[in-house]
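Here's a quick tour of the aromatic side chains in this one. Have a look at the rings first, then read on.

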Amino acid sequence: MRCSRYYIQGEKEGLTDVFIDRLPGMPDNIHYDGEGYYWIAIISHTYEWDLARKYPFIRKFFAFLDKYLNTPSIAKNSGAIVVDLDGNLISRYYDPELQFITTGTKIKEHLYLGNLKDSFIVRLNLTQYPATVRSFTKS
């Protein structure tokens with residue numbers, strides 16, 4: 001999974017490049033916090049999704065399960081990652097039980113996470129609960 005950067009002005013206007021690659025899951029909304037960081041919601045990351053990305057027949061099988069038997073449990077490990085203006089990973093906030101996180105917004109010292117499935121918002125005090133960096137490389 002990756003996020004691309006689209007240039008809207010300057011000498012690269014109209015061009016795109018890879019902003020961040022090898023994300024730890026499927027990215028959704030991206031928010032800039034005004035302090036030099038982007039907050040990217042990660043809908044999910046599991047071993048099953050890794051397989052589904054590589055093998056089309058597994059994606060079709062998951063689609064069948066979703067349609068006829070309800071959503072499979074592959075949509076866990078949601079959260080948000082923080083990257084700097086160059087696309088370098090700064091930190092990652094996730095929980096193995098969170099599902100379908102589609103937005104991560106930082107307001108002052110709190111991170112707010114919203115999702116598509118449940119009717120609640122997660123509010124996390126970033127000072128009280130600092131994140132740990134998860135390694136993955138930008139290519």
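A charge counts as sitting over a ring if NZ of Lys or CZ of Arg is within 6 Å of the ring centre and within 35 degrees of the ring normal. Here, R92 lies over the face of Y94, 4.1 Å from the ring centre.

A word on the ground rules: this is a predicted model, where local features need pLDDT of at least 70, side-chain atom pairs count only at pLDDT 80 or more, and totals for chains, interfaces and linings use all residues. Residues are numbered from 1 along each chain as its sequence is written, and side-chain values use heavy atoms, with hydrogens and water left out.

On to ring against ring. Rings of Phe, Tyr and Trp (its six-membered ring) pair if their centres lie within 6.5 Å; planes under 30 degrees apart are stacked, over 60 edge-to-face, and the rest tilted. The structure has three aromatic pairs, including these two:

| Pair | Centre distance | Plane angle | Type |
|---|---|---|---|
| F19 and Y38 | 5.7 Å | 85° | edge-to-face |
| Y32 and Y38 | 5.2 Å | 55° | tilted |

Together, F19, Y32 and Y38 make up one aromatic cluster. As for accessibility, buried means under 20% relative accessible area, exposed over 50%, and partly exposed in between (1.4 Å probe, protein chains only). F19 is buried at 8%, while Y38 is partly exposed at 26% and Y32 is partly exposed at 45%.
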